[in-house]
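Hi there,

Here is the structure I promised to pass on to you. Have a look at it first, and then read my notes below with the model open beside you.

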Amino acid sequence: IVFRGYDCAVHGVLNLAIMHYRIMIYFFVIVLAGCATTPQQSTAIKPAKTVVIEAAVKEQMIDTARFNILGRIAVQDRSQSSSGSFRWKHWPANDEIILFTPLGQVVAEISRNPQGVRLITSKLEAFYAEDVEGLTQEVLGWRLPLSSLQYWIQGIHSPFTRAEKDFNEKDQVMTIRQDGWEIHYGSYTAAQANQPNQPNLPRRLDLTYDSLRIKLIVDEWKAE
């Protein structure tokens with residue numbers, strides 16, 4: 001009798017445990033189903049308007065303003081990832097860009113003028129080409145779209161080709177899509193107290209082209 005009562009108690013405990021287990025499984029399945037069917041809300045900010053701009057005719061093209069900027073850069077694609085800082089001096093027909101490691105060592109010095117492009121590496125090797133994009137791809141392993149970046153860095157599109165631009169409610173450019181590149185503007189500089197009429201300039205840019213991603217943060221703007 002003792003053993004028979006013990007067996008009944010054991011079976012009762014087991015049945016209760018099985019029941020709780022089934023309830024937990026049922027509840028878990030319901031939760032999973034709810035997660036699968038509940039749509040996720042996007043945190044991306046939708047543009048207030050999108051404008052398509054065709055390439056300008058030669059008479060409408062103007063030179064970009066002179067500037068001298070200091071900032072940080074990060075480059076990533078399928079085969080490499082690197083970061084550091086940069087200094088960029090720009091004139092209408094000339095450019096000087098120096099890329100540094102995080103410790104301040106020179107990685108490359110890029111110079112552009114009407115005659116062509118020169119790139120000097122940290123080993124003092126000099127390379128020459130007609131355009132920056134092809135030269136940086138060959139020497140550094142990633143392309144720097146300088147001909148258009150001189151416009152994008154100022155928050156405007158290049159006038160040479162068709163562009164699509166997204167604007168926010170403040171009429172600031174959020175994204176530019178041009179020549180296969182997508183440039184997203186994360187933030188802008190604050191207006192200077194002594195220059196209230198100067199437009200806010202981009203501070204954070206994220207450029208993508210296929211698998212290539214270039215992040216730029218401008219720490220110091222000196223527009224002329």
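**Strands, salt bridges and a core**

E9 and strand E10 (residues 181–188) run antiparallel and are joined by 4 bridges. Before you follow that further, please keep in mind that this is a predicted model.

Let's stay with E9 for a moment. The two strands E9 and E10 make a hairpin with 2 residues between them. In that turn, Asp179 has a positive phi of about 55 degrees. Along the pair, you will find Ile176 opposite Ile183 in E10.

E9 also has a partner in strand E8 (residues 163–167), again in the antiparallel sense, with 5 bridges. Which residue of E9 is the bridge partner of Lys165? It is Ile176, the residue that also stands opposite Ile183 in E10. The hairpin of E8 and E9 has 5 residues between the strands, and there Asp171 takes a positive phi near 65 degrees.

Is E9 mostly covered or mostly open? E9, which spans residues 173–178, is mostly covered, with 5 of its 6 residues buried.

Next come the charged side chains. The count of salt bridges is 10. One of them is formed by Arg162 and Glu54, with the closest N and O atoms 3.2 Å apart. Arg162 lies in the loop between helix H3 (146–152) and E8, while Glu54 lies in the loop between strand E1 (49–53) and strand E2 (67–76), so this pair ties together parts that are 108 residues apart in sequence. Arg162 counts as partly exposed because its relative accessibility is 47%, and Glu54 counts as exposed because its value is 51%.

A salt bridge also joins the side chains of Asp206 and Arg213, at 2.6 Å from N to O. Is Asp206 buried or exposed? With a relative accessible area of 17%, Asp206 is buried, whereas Arg213, at 36%, is partly exposed.

Glu220 and Lys222 form a further salt bridge, and their closest N and O atoms are 3.4 Å apart. Glu220 is partly exposed at 33% relative accessibility, and Lys222 is partly exposed too, with a relative accessible area of 45%.

Now for the inside. The largest nonpolar core has 36 residues, and the members that touch the most others are Trp88, Trp142, Ile153, Leu207, Ile214 and Leu216. Strand E12 (residues 212–223) gives the most to this core, with 5 residues.

Apart from its neighbours within four places in sequence, Leu216 is in contact with several residues, including Ile73, Phe86, Leu149, Ile153 and Leu207.

Finally, here is the overall picture. The protein chain has 3 helices and 12 strands. Of its 224 residues, 30% are buried. Among contacts with a separation of 6 or more, residues 24 or more positions apart account for 43%. The chain exposes about 15200 Å², and carbon and sulfur atoms supply 55% of that area.

Enjoy exploring!

Best wishes

Note on methods. Residues are numbered from 1 along each chain as its sequence is written. This is a predicted model: local features need pLDDT of at least 70, side-chain atom pairs count only at pLDDT 80 or more; totals for chains, interfaces and linings use all residues. Side-chain values use heavy atoms; hydrogens and water are left out. Buried means under 20% relative accessible area, exposed over 50%, partly exposed in between (1.4 Å probe, protein chains only). Two strands pair if DSSP finds at least two bridges between them. A salt bridge is a side-chain nitrogen of Lys or Arg within 4 Å of a carboxyl oxygen of Asp or Glu. A nonpolar core is a set of buried Ala, Val, Leu, Ile, Met, Phe, Trp, Tyr and Cys residues joined through side-chain atoms within 4.5 Å. Contact means heavy atoms within 4.5 Å. Accessible areas come from the Shrake-Rupley method with a 1.4 Å probe; for residues, only the protein chains shown count as cover.
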